[in-house]
Amino acid sequence: EDDDDLDGFNAWERTYADERSWESLQEDESGLLRPIDNKAIYHAQYRRRLRTTARIQKGLIRYLYIVIDLSRAAAEMDIRPSRMFVVARHVEAFIREFFDQNPLSQIALVTIKDGVANMLTDLGGSPESHIKALMGKLECSGESSLQNALELVHGYLNQIPSYGHREVLILYSALSTCDPGDIMETIQKCKKSKIRCSVIGLSAEMFICKHLCQETGGLYSVAMDEAHLKELILEHAPPPPAIAEYAIANLIKMGFPQRAAEASISICSCHKEAKVGAGYTCPRCKARVCELPTDCCICGLTLVSSPHLARSYHHLFPIAPFDEVSVSLTNMHNKFPKNCFGCQQSLLATGNKPGPCVSCRTCRQYFCLDCDIYIHESLHNCPGCDSIR
Amino acid sequence: MIFQLEDVRVYFPYDNIYPEQYSYMLELKRALDAKGHCLLEMPTGTGKTIALLSLITSYRLSKPESPVKLIYCTRTVHEMEKTLAELKLLYSYQVQHLGAAAKILAIGLSSRKNLCVNPRVLASENRDSVDAACRKRTANWIRATAAENPNVELCDYFESYEKAASAAILPPGVYTLQDLRAFGKEKGWCPYFLARHVVQFANVIVYSYQYLLDPKVAGIISKELQRESVVVFDEAHNIDNVCIEALSVSVRRQTLEGATRNLNRIKQEIDRFKATDAGRLRAEYNRLVEGLAQRGNLPISDTWLANPALPDDILKEAVPGNIRRAEHFVHVLRRLVQYLRGRLETENVEKEGPVGFVASLNGQAGIDQKTLKFCYDRLHSLMLTLEITDTDEFLHIQTICDFATLVGTYTRGFSIIIEPFDERMPHIPDPVLQLSCHDASLAIKPVFDRFQSVVITSGTLSPIDLYPRLLNFHPVVSRSFKMSLTRDCICPMVLTRGSDQLPVSTKFDMRSDPGVVRNYGKLLVEMVSVVPDGIVCFFVSYSYMDGIIANWNETGILKEIMQHKLVFIETQDVVETTLALDNYRRACDCGRGAVFFSVARGKVAEGIDFDRHYGRLVIMFGVPFQYTLSKILLARLEYLRDTFQIKEGDFLTFDALRQAAQCVGRVIRSKADYGMMIFADKRHVLSILFFFLSTSIRFTSFTYIIFFLMWEQFLRKMAQPYDKGGNSGRRTLLSQEDLEKMGDDGMQDIMHY
């Protein structure tokens, strides 16, 4: 009970305290103050995430509309400097992460302001252009309208070819929605067009958002604080499981353009200006584009490079999670390796006791916790297994 | 799950059970073993109903040698349906595990309005006219004439039910009202009469309080129930008021005028009968000489009225000579009506005990107490004799006779109050004569005497020792249980000062203070901007609500509120309120958000749930004390003090808290739900409320700013995915193994969780 009380008070005091240095301290058995071992906590969180990765069909080609609520409520200062800026900052990080994980997918940005939804950027694969457009438009006013946003997005997403996964991610600051018509109909429309709508709320749970997510199979979450918000947004970066009715094998026409010769001068089809070198040539119409992946502006062919495909591949065949090695077990065998196979750092914790580590099921090599995260989230290959080959 | 509770094998239709449900069952079982009455309090949302049903039915199964019958009383038809739906689930579970041995017959019983399947009868608009329309087609004499005259309309359903006679039985099962109607339609039997007939054999009966408490109805419906029954009053926190209402009568000018019309009509009928069929009147006279006890001579199906709580010895007495003849009786009634009219002419408020009233009535109109006592039965007999079917026309004279019988029967616990006008509108003469009952134990006494165990249960019964005193009975068990929660899903707070640090209250001398009104408005404006979906506000009275809304409208506060949420208001008109509620729900559903202004003792506060997103926040503006200048309340307080030694202040506080708890309790209807409660009043009475509101709630009366920070945190915390089992820390669900593992001593731990 007492602990509980303490917690509750901290909850409101927390908002006052910018630095909570005392919280990152912990008393050990001999009464000394030590910094809390955050690593173990993070690792536990990460493993929880990993457990859900079974081998299932996933939507690799995603068309994601990010809807950002810029109504009056976005100016609230409960997360400093304001909800709007914090959201923008994390959306920026998200866009980069998203393209990193889903090179074949595209994003568009929509804002809600004064009860109207506006298209900020069209679907595209270039992170920079989205981020630039978003940062230039950060001002908020008026009411928010969920229905208007959904209608707008629905209009665009409905035309997407069926192999693409239609998704909407709504970052909702307001606590109400002022709609011109029956939002329930719009939700049913989205459900019918297989648009997966997810909402991240910034202040409290709203029934209509929950309903929307339930109906369309999306995720609904409410951010507790800034760190939590970041976590929630990034949760949307890995591809979601494919919708069952859509999970039919589909052949998609794609082009693998060649990099243009270094010194050649040609007119770029995307920016409509002459450029020297560093570009790609569409294999079908020979038009020149600046960045991959994209759709060719002239013939509409999807242009990708092979690393893009390869990078998407790991979502389908993730490496099996590593087993956690319990300390007592290693003591018993007494052939516990001293160093991590990945980074060669010592695996021993202070006092020469064996520290926490994990091992791969196939190659039986030991890794430290940092390497574990790195291998599963960035590398997508097990160094141990690869070196055997 | 199936588990052993002492010597009873309990069949519980869910895989897990809350610890408080387990202890609830344990206490209930001990009360049943002791064959005594009990008083159990457990917060709403903890599955009280299913715990109760499952224990009592299992108890019956475990002790086949002494089968108990369950009589379950609910307040509304809606609750009745909910209870039956749960029973259905339980029943199918028991049948699945026990086979045919578990078969029971459970029915819901309601008025004709809810059970009738005849479209012609149902076309009538209210309950009384449905009753009358039914009688017009089913009364004995009508059916007798129909045999000769084919033009007389009868009810086919009733006819075929009569034809089936004793063959008309229900197969075992659980029947909701809906099921009964469907069954009736299919077989062509009248569901209402079928249900009435089946009541004697059914193992479980679910019906309204009135069927047991209102002596007029109880005499017909419930008289044949055996002693070995368990009577349950659910949501019984207002049971004393129901008892009192059952025995209170109010007479207005319209009543008297109506009564006079009725008497004229009766007179005409008598004259007509005298001319055509004098034998009938003669026969009635003879019957009355033999005494009222012989009423049984009349066909059972026509006993549609009965005497209000007459002591048994009266039933055996003969009707006094001066009202045996029909025309004499009409004269007596005319004199009575005349006398009452004279009393209503008064210009002052008058208060009198029944004894004094009868004495003056005897002096001025020559009607003595004994005559009065028989009025109700005499009228009933007369109307049967005169073959009057449109009973809805005769409600006025029935009211008068009801009044007369009550005045004649009871000498204590009542008072007669005559008010020439409404306190709040002294310019408009609206005289009313009220016979108000002060003693709740009078109406419920027969129930306690008659049945083996009476269970009174509700979400809020605190202080639990007051109910036995009010109802004058001795419970063998009286306990209240706390709710175990996986998270702190309620966030109650007392706001004693407004944003400008001035105290807020609805205390009489402060309520019209513009500062208080403004502070209340400010509070609401700030709340609408941080709380999603629905907010419910309770005011202490209609007049106060009207005043405060008018003020907010002038000062622009209402407009500010409307920027965030739509505003809906409860009115005294039922249709209007229903419409407002409907639209309120729609606004909450579609995400627009809405505020509902309601009144603490109104319809909405008593029966409508604002669960989930329909009520994320409830604000109680002020403390809902009763209108303390009301003459009736004062008389009751005086009586309570003299008879039961309950102090006025104690009772008023108890009553106000009970109302407040009821209002805020509308928001949380299950453990997965969450909501906030704000009590905006400086009076410290409210802090007592926190002891009632289950669980170990952290409550502090913070300063204004901290309020909002806490709310925002609270709302965010509650929006996180709900962990049903409470795996992280607090366990609130017990599985079968858990139950088996723990002995009786283990139980203690859980209860002190």
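**Notebook: salt bridges and burial in a predicted model**

I began with Arg616(B), which has a relative accessible area of 5% and is buried (buried means under 20% relative accessible area, exposed over 50%, partly exposed in between, with a 1.4 Å probe and protein chains only). The model is predicted, so I recorded that local features need pLDDT of at least 70, that side-chain atom pairs count only at pLDDT 80 or more, and that totals for chains, interfaces and linings use all residues. I also noted that residues are numbered from 1 along each chain as its sequence is written, that chains are lettered from A and ligands numbered from 1 in the order in which they are written, and that side-chain values use heavy atoms, with hydrogens and water left out.

**Entry: salt bridges of chain B**

I looked up the partner of Arg616(B) and found a salt bridge to Asp673(B) at 3.4 Å, N to O (a side-chain nitrogen of Lys or Arg within 4 Å of a carboxyl oxygen of Asp or Glu). Asp673(B) is in the loop between H29 and strand E20 (675-680), and Arg616(B) is in the loop between helix H27 (603-607) and strand E19 (617-621), so the pair ties together parts 57 residues apart in sequence. Helices (H or I, at least four residues) and strands (E, at least two) are DSSP runs, numbered from the N terminus. Asp673(B) is likewise listed as buried, at 5% relative accessibility.

I then followed shared partners and found one network of salt bridges that joins Glu6(B), Asp7(B), Lys29(B), Arg30(B), Asp33(B) and Lys63(B).

I next examined Glu27(B), which pairs with Arg479(B) in a salt bridge whose closest N and O atoms are 3.1 Å apart. Glu27(B) sits in helix H1 (residues 19-33) and Arg479(B) in strand E14 (residues 475-480), 452 residues apart. Glu27(B) is buried at 11%, whereas Arg479(B) is partly exposed at 28%.

I also recorded the salt bridge of Asp240(B) with Arg658(B), with closest N and O atoms 3.0 Å apart. Helix H13 (residues 239-246) holds Asp240(B) and helix H29 (residues 648-665) holds Arg658(B), so parts 418 residues apart in sequence are tied together. Both Asp240(B) and Arg658(B) are buried.

A search of the whole structure gave 46 salt bridges over all chains.

**Entry: Arg83(A)**

I placed Arg83(A) in helix H3 (residues 83-101) of chain A. Arg83(A) is buried, at 5%. Beyond neighbours within four places in sequence, its contacts (heavy atoms within 4.5 Å) include Glu76(A), Asp78(A) and Arg716(B).

**Entry: chain B overall**

I counted 33 helices and 20 strands in chain B. Of its 753 residues, 58% count as buried.
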